[in-house]
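Hello,

Here is the structure I promised to pass on to you. Please have a look at it first, and then read my notes below.

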Amino acid sequence: MSDIKRGPNPDQTYPMQGVNQVAFLKPIVDHPMIEIGEYTYYDDPAGPENFLANCVRYHFEHMGDRLKIGRYCAIATGAEFIMNGANHALDGFSTYPFAIFGEGWEDPDADWARGSRGDTTIGNDVWIGTNAVIMPGVTIGDGAIIGSYSVVACDVPAYGIAVGNPARTIKRRFDEQTIARLLEIAWWDWPSDKITRNLSAIRAQDLSALEAAE
């Protein structure tokens, strides 16, 4: 029997014994247009297993947009990912979606993806606060923090801290050189046993130790 420590099982839905409000999302979310990395979790006292129904909004297959969330992300209660199906056409006199109701209002020439802002992409090691809203087509870089109740309509750089409505990046967590080194290390791509061996360096912000990690 191996004594190698590898951390929690990423395929275990509830990784904290006796705590059912925190769940790893990869075992829960089965959707062809959603990708979620290992160890990313959602925390919701009402039931994290309802993440797809409660947090991913207006995600329609005919729109073709994808939601991509990296590894080791922490998503707090009530966070919402608004997808491109929420958009209404702006090139007519009305924004009302007549065609979806039929009964003489059909539009056989409708281009449903017109005006799509593309995929929504969340990097690795991103912390998304309570009731934050991520708008369609946004990219949030690795290591970023999104403040509670923020509405993110623009991209957030790696290790940026974004807050407010509309959210603005108010600072970077580290200087540019440190960020570049962290992105080169990309510890979130390491196998779990290597991360386990080097947790002290991650916790202590020991870049040299991470760069020399084995």
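Let me start with a pair of strands: β7 and strand β10 (residues 133-134) run parallel and are joined by two bridges. Within this pairing, Glu80 stands opposite Val133 in β10. Strands here are DSSP runs (E) of at least two residues, numbered from the N terminus, and two strands pair if DSSP finds at least two bridges between them.

Before going further, a word on the source: this is a predicted model, in which local features need pLDDT of at least 70 and side-chain atom pairs count only at pLDDT 80 or more, while totals for chains, interfaces and linings use all residues. Residues are numbered from 1 along each chain as its sequence is written, and side-chain values use heavy atoms, with hydrogens and water left out.

Back to the strands. β7 and β10 belong to an open sheet of four strands with parallel pairing, in the order β4-β7-β10-β13. At its edges are β4 (56-57) and β13 (151-152), each with a single partner strand, so one side of each has no neighbour in the sheet. Elsewhere, strand β14 (residues 160-164) and strand β15 (residues 167-172) run antiparallel and are joined by five bridges. A hairpin of two residues connects β14 to β15, and Ile161 has Lys171 in β15 as its bridge partner.

Now to the aromatic rings. A search of the whole structure gives 12 aromatic pairs, where rings of Phe, Tyr and Trp (its six-membered ring) pair if their centres lie within 6.5 Å; planes under 30 degrees apart count as stacked, over 60 as edge-to-face and the rest as tilted. One of these is the stacked pair of Tyr96 and Phe101, at 5.9 Å centre to centre and 25 degrees between the planes. Tyr96 also forms an edge-to-face pair with Trp105, at 6.4 Å centre to centre and 85 degrees between the planes. Tyr96 is partly exposed, with a relative accessible area of 43% (partly exposed lies between buried, under 20%, and exposed, over 50%, with a 1.4 Å probe and protein chains only). Phe101 is partly exposed too, at 46%.

Another group of rings, Phe24, Tyr39, Tyr72, Trp187 and Trp188, forms one aromatic cluster.

Trp112 is partly exposed, with a relative accessible area of 41%.
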